[in-house]
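Dear colleague,

Here is the structure I promised to pass on to you. My notes on it follow below, and I would be glad if you read them with the coordinates open.

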Amino acid sequence: MCRGKLKSKFLGCLVGAAIGDGLGAWREGKGMVKREEIELLTDRLEQLTYTDDTHMTIGVAESLIESNGFDGEHMAQTFIRNYESEPWRGYGPGPPRIFRMIKSGEPWHSAANKIYKGGSFGNGSAMRVAPTGLLYYHNSTELREIAYKSSSITHSHELAKEGAALQAYAVALALNTPPDEEIDQEAFILKLQNFARNQLYKEKIASMKELLGEQDRRQVVAALGNGIEAPRSVPTAIYCFLSHLRSYKDCVTYAISLGGDTDTIASMAGAISGAYLGINAIPDRWRAKLENRAYIEALAERLYQIATLNFIPLQHLEQED
Ligand SMILES: [Mg+2]
């Protein structure tokens with residue numbers, strides 16, 4: 001893949017995640033909706049304001065860039081700094097409590113366990129993991145390790161860590177496929193199946209395969225879920241991508257149409273779709289409305305530079321075509 005295409009995929013991933021979040025936020029916690037209604041809504045919005053999903057994704061990206069890789073203390077402090085400057089982004093009750101504990105001296109890797117016995121299995125760490133999928137797209141072992149560690153700052157339950165790793169892996173798989181090359185849905189699902197370690201996720205991934213081609217959205221929600229728990233939203237987001245491979249707009253619109261935790265599911269689906277199709281596949285009129293777009297794009301570019309500088313020998317990259 002040439003450098004220009006790869007860079008476009010990095011940009012598509014983070015911008016795609018932020019737009020999914022901004023659009024999905026308008027339907028969060030609501031039921032299913034017709035796709036035409038989402039179209040009308042998106043036309044009416046003057047600005048796409050993102051929520052905690054993107055705010056924390058930005059935090060992950062900032063920390064990975066500033067630390068040239070993962071540093072748990074640095075990432076936790078970045079989350080805290082960002083939260084304190086914009087606490088109105090729709091954060092749930094858990095993260096602020098964890099942030100206060102870390103500020104009062106609790107280590108970043110143990111605070112979450114003290115708030116939730118056994119750890120939370122919400123989707124809060126999967127929703128922000130896209131930059132990890134980008135930076136470690138070449139190495140699934142490292143990708144899993146960093147996804148787990150970054151999850152444990154706020155979500156230390158195995159299901160949350162595994163959900164974050166699966167979402168990051170789906171981003172990496174999408175990124176690794178040239179946009180003009182067809183993704184084989186079943187091969188993609190098999191890779192997910194081989195990557196997953198947890199039985200519940202393995203079952204969800206098996207359901208994804210059975211649901212391909214399903215027209216009834218109720219069946220999709222019944223089998224995969226649309227909730228705030230990682231196992232009831234990460235497989236759903238990946239399914240939204242797999243069932244709408246050629247269109248970012250259709251992928252995100254479909255994700256929102258399923259109802260439930262729409263900002264997070266549309267954000268995760270949008271991250272994968274953007275990582276496959278690239279920035280130019282995202283409708284201009286949506287990109288133009290995204291707040292802080294220049295900054296989000298700058299973070300994606302920086303991740304691209306670090307990922308390609310550190311991990312890909314120049315001779316392995318094809319010339320621009
Ligand atoms: Mg949110």
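In what follows, two residues are said to be in contact if their C-beta atoms, placed from the backbone, lie within 7 Å. Please keep in mind throughout that this is a predicted model.

Val 252 lies in helix α14, and, leaving aside neighbours within four places in sequence, Val 252 is in contact with Ile 19, Gly 20, Leu 23, Ala 266, Ala 269, Gly 270 and Ser 273. Val 252 has 33 other C-beta atoms within 10 Å and is therefore buried, since 20 or more are needed for that description.

Helix α14, residues 248-257, packs against helix α15, residues 262-277, at an angle of about 165°, and their axes are 8 Å apart. Because angles over 145 degrees count as roughly antiparallel, α14 and α15 are roughly antiparallel to each other. The crossing in which α14 passes α15 is right-handed. On the α14 side the contact is made by Tyr 248, Cys 251, Val 252, Ala 255 and Ile 256, while α15 contributes Thr 262, Ile 265, Ala 266, Ala 269, Gly 270, Ser 273, Gly 274 and Leu 277.

When residues up to four places away in sequence are not counted, Ile 272 touches Ala 170, Val 171, Ala 174, Ile 238 and Phe 241. As general background, nonpolar side chains tend to be buried together in soluble globular proteins.

Helix α10 deserves a paragraph of its own. Within α10, residues 185-195, the buried residues include Phe 188, Leu 192 and Phe 195. These cover an arc of only 65° around the axis, which puts them on the same side of α10. In general, an α-helix has 3.6 residues a turn, so residues three or four places apart point the same way. The face of α10 turned away from its buried side carries the exposed residues Glu 186, Ala 187 and Asn 194. What covers the buried residues of α10? The cover includes α8 (140-151), α9, α11 (199-211) and α13 (234-242).

The pairing of α10 with α11 can also be described by its geometry, as their axes come within 10 Å and cross at roughly 175°. With that angle, α10 and α11 are therefore roughly antiparallel to each other. The contact is made by Glu 186, Ile 189, Leu 192 and Gln 193 of α10 together with Lys 202, Ile 205, Met 208 and Lys 209 of α11.

I also looked at the loop between α3 (52-66) and α4 (72-85), where Phe 70 has its place. Phe 70 has 19 other C-beta atoms within 10 Å and is partly exposed, because a residue needs 20 or more to be buried. Leaving aside neighbours within four places in sequence, Phe 70 is in contact with Leu 64, Met 75, Ile 146, Lys 149 and Ser 150. Asn 68 is found in the loop between α3 and α4 as well, and Asn 68 is exposed, with 11 other C-beta atoms within 10 Å. Although Asn 68 is not a glycine, its phi is positive, at about 55°.

Another asparagine with a positive phi, of about 60°, is Asn 292, which sits in the loop between α16 (284-287) and α17 (293-311). Asn 292 counts as partly exposed, with 16 C-beta neighbours inside 10 Å.

Finally, Asn 113 lies in helix α6, residues 111-115, and Asn 113 counts as partly exposed with 16 C-beta neighbours inside 10 Å. Its contacts, leaving aside neighbours within four places in sequence, are with Gly 119 and Ser 156. Asn 113 and Phe 241 are 128 residues apart in sequence, and their C-alpha atoms are 32 Å apart in space.

How values were computed:
Residues are numbered from 1 along each chain as its sequence is written. This is a predicted model: local features need pLDDT of at least 70, side-chain atom pairs count only at pLDDT 80 or more; totals for chains, interfaces and linings use all residues. A residue is buried if 20 or more other C-beta atoms lie within 10 Å of its own, exposed if 12 or fewer, and partly exposed in between; C-beta atoms are placed from the backbone. Helices (H or I, at least four residues) and strands (E, at least two) are DSSP runs, numbered from the N terminus. The arc is that of the directions from the helix axis to the C-beta atoms. Axes are lines fitted to C-alpha atoms, for helices over the stretch in contact, and angles run from 0 to 180 degrees between N-to-C directions. Angles under 35 degrees count as roughly parallel, over 145 as roughly antiparallel, 65 to 115 as roughly perpendicular and the rest as oblique. A crossing is left-handed if the near helix is turned anticlockwise from the far one by less than a right angle, and right-handed if clockwise.
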